[in-house]
Amino acid sequence: MPTAPAATDGPNLGPAPAAVFAFDVGGTDLKAALIDASGTIKGLRRSRTPLDKSRPAEAVLDRVEDLAGQLSRDFPGMRPEAAGLVVPGLVDPRTGTGILSANLGWRDYPFAAVAERRLGLPVAFGHDVGSAGYAEAQLGAARGLSDVVVMILGTGIAGTVLTDGRVVTAGGYAGELGHALVPAPNGQASCILESVASAGAIARRYTQLSGNTVHGARAVLELSRAQDGIARQVWADAVNALAFSVAQFVSILGTEAIVIGGGLSEAGEELLAPLRLRVDDLLSFQRRPLIVTSQLGQNGGLIGAALKARTLLAPLGLST
């Protein structure tokens, strides 16, 4: 069941011509809110993302439609003029299509078109992590910067790449940072980044190497603080893999800032300080990137969805 609505939650987005709905569909949770014309987030609700193997996308839109109705009833004096909807997996924002979600089960689903029919509003559609990264660039840790990579480190790893202030989408295929190759910890082969540096991988690798089961990367960090040798090595391996990827971003894209989000970012300087040092070791003449944690946290995707919805207001003749 959805949580009780909050009056406000998150930063003010600034004024716009009208109110909008925002929906952030994640692999686990679905967030919804109404953003009024002053930029205040109202009625923020979180619920479990519905899972239905027979109709996965439709089940999500059932929930979205229901939440839109609840928000309209809770705030009868506001009339949203557009909606933003962001989802995980591969997406094509230009066509409004969810290309593939391996976890939730849809393939080539016309989200934007169906959501517009259900809500009776124009709908801006995009990727959840991509939208979170854009929001960080507009209102969060990367505000005022043009060349940024936002890395979301959770059970897996995904991200957003901004160059010259624009989000790189590549038809929905950009941002799969967790599947980029990095040197394997054993030094004899390569592996994908998320197999070493995601929160899930850190816990899994410690369990495999030590024979002791741990529940989450937080437990590995706590063992590392207690001078557990295997935990320290697993944490260092994760930092090294992340640093390799960061150095690649800087060398290829000229990235000026790295914003770390997701559950692993809660480690704070215990992650960022060694990451900065290792990146510095790997770079030569390149500028050193600013490496910071996300400011918008778990609401980044929702805020990004709202910002996308606002881009639809001017074409409706609602510009100030």
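This is a predicted model: local features need pLDDT of at least 70, side-chain atom pairs count only at pLDDT 80 or more; totals for chains, interfaces and linings use all residues.
Local features need pLDDT of at least 70 and side-chain atom pairs count only at pLDDT 80 or more, while totals for chains, interfaces and linings use all residues. Residues are numbered from 1 along each chain as its sequence is written, and side-chain values use heavy atoms, with hydrogens and water left out.

Let's start with Thr40, in the loop between strand E2 (29–35) and strand E3 (41–48); strands are DSSP runs of at least two E residues, and helices are runs of at least four H or I residues, numbered from the N terminus. Thr40 has a relative accessible area of 17%, so it is buried (under 20%, with a 1.4 Å probe and protein chains only). The side chain of Thr40 also makes a polar contact of 3.3 Å with the side chain of Asn12 (a pair of N or O atoms within 3.5 Å, one able to donate a hydrogen and the other to accept it; residues adjacent in sequence count only if both atoms are side-chain atoms).

Now for the helices. Two packed helices are described by the angle between their axes and the distance between the axes. Helix H6 (residues 217–225) packs against helix H7 (residues 229–253) at about 120°, with axes 7 Å apart. From H6, Ala217, Val220, Leu221, Leu223 and Ser224 meet Ala231, Arg232, Val234 and Trp235 of H7, where contact means heavy atoms within 4.5 Å.

H6 has another partner, helix H5 (residues 199–210): their axes come within 8 Å and cross at roughly 60°. Here Ala199, Ile202, Ala203 and Tyr206 of H5 meet Ala217, Val220 and Leu223 of H6.

Key: Buried means under 20% relative accessible area, exposed over 50%, partly exposed in between (1.4 Å probe, protein chains only). Axes are lines fitted to C-alpha atoms, for helices over the stretch in contact, and angles run from 0 to 180 degrees between N-to-C directions.
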